[in-house]
Amino acid sequence: MPNLMSRQTVIKIGVDALNEAGTDLICKVCIMNGGSCCNGCHFLANGIGCEKRNTSCTAWLCGFLKYLLYATGLLKEWDDFWRQVPGQSFREDFTPEFFFVDKQLQMQSIRNLSEALATDLDEIATKHIAIGFIITLREKIDKNIDRLNDCKHDPKKQIKIERNIKVLSSPFLRFQKELREYHLNNSNT
Ligand code: SF4
Ligand code: SF4
């Protein structure tokens, strides 16, 4: 049965889910390497952070966060939830104060995976002297996951893209180890 939900509640659900998933750990490494997605936004206040949290920025995932949810099988859950939220735009929203949603957001506990990915990214960034190496990697992963979504009816293309994502994410050694355990635990439940 559809539930009436407020714009503020939906933002809180998203922010809480990301915090619980430990994405702040990944953001920290990304920002240290100049990759903040808030760069240049006029709602970003020095020492305060975002002054205009909206549904759009909460729902949006960069390549790292998209990969985290893709690898843990939670990306569809995330996308399906946010697809119900009207009025998303770029760095602002036109979401009504109240609207109906059919499904709740059901996430899993993946903070240890975020921690592993953040440590891997930090190590990779230190090893590669080229400035912005991990940010380029983020963009490549992002593009591939989006392409995967766009070719749902082409299994051959899908296999090729999945292979690309595997290659791009192969340097995430700690993350891959945690991921194997995560899938093992989930298949036993
Ligand atoms: S681009 Fe991704 S990892 Fe970087 S700060 Fe934004 S959400 Fe965080
Ligand atoms: S509106 Fe979006 S891009 Fe701008 S500071 Fe807030 S979260 Fe960042």
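View 1. A residue counts as near a molecule if its C-beta atom, placed from the backbone, lies within 6 Å of it. The model is predicted: local features need pLDDT of at least 70, side-chain atom pairs count only at pLDDT 80 or more, and totals for chains, interfaces and linings use all residues. Residues are numbered from 1 along each chain as its sequence is written, while chains are lettered from A and ligands numbered from 1 in the order in which they are written. Helices (H or I, at least four residues) and strands (E, at least two) are DSSP runs, numbered from the N terminus.

View 2. Cys38, Cys41, Phe43, Leu44, Cys50, Lys52, Asn54, Cys57 and Arg91 surround ligand 2. This shell divides into 6 nonpolar, 1 polar and 2 charged residues. Arg91 sits in the loop between H5 and strand E4 (98-101). Its phi is positive, about 60 degrees, although Arg91 is not a glycine. Arg91 is partly exposed because 17 other C-beta atoms lie within 10 Å. The cut-offs: buried means 20 or more other C-beta atoms within 10 Å of the residue's own, exposed means 12 or fewer, and partly exposed is in between, with C-beta atoms placed from the backbone.

**View 3. The largest nonpolar core.** This core has 31 residues, and Ile26, Phe64, Leu68 and Leu117 have the most contacts inside it. Two or more residues come from each of helix H1 (7-21), H2, H4, helix H5 (75-83), helix H6 (111-127), helix H7 (133-150) and helix H9 (173-187). H4 gives the largest share, 7 residues. A nonpolar core is a set of buried Ala, Val, Leu, Ile, Met, Phe, Trp, Tyr and Cys residues joined through C-beta atoms within 7 Å. Not counting residues up to four places away in sequence, Ile26 touches Phe64, Leu65, Ser114, Leu117, Ala118 and Leu121. Contact means C-beta atoms, placed from the backbone, within 7 Å.

View 4. The 18 residues of H7 should span 26 Å at 1.5 Å a residue, and the end C-alpha atoms are 26 Å apart, which agrees. The expected span is 1.5 Å times one less than the number of residues. Ile134, Leu137, Arg138, Ile141, Asn144 and Ile145 are the buried residues of H7. They lie on the same side of H7 because they cover an arc of only 135 degrees around the axis. That arc is taken from the directions from the helix axis to the C-beta atoms. The buried residues pack against H4, H6 and helix H8 (155-169). Asp146 and Asp150 are exposed on the other side of H7.

**View 5. Phe99 in strand E4.** Phe99 belongs to strand E4. Phe99 is partly exposed, since 18 other C-beta atoms lie within 10 Å. Met5 and Pro86 touch Phe99, not counting residues up to four places away in sequence.

Conventions
Ala, Val, Leu, Ile, Met, Phe, Trp, Tyr, Cys and Pro count as nonpolar, Asp, Glu, Lys and Arg as charged, and the others, Gly among them, as polar. Two residues are in contact if their C-beta atoms, placed from the backbone, lie within 7 Å.
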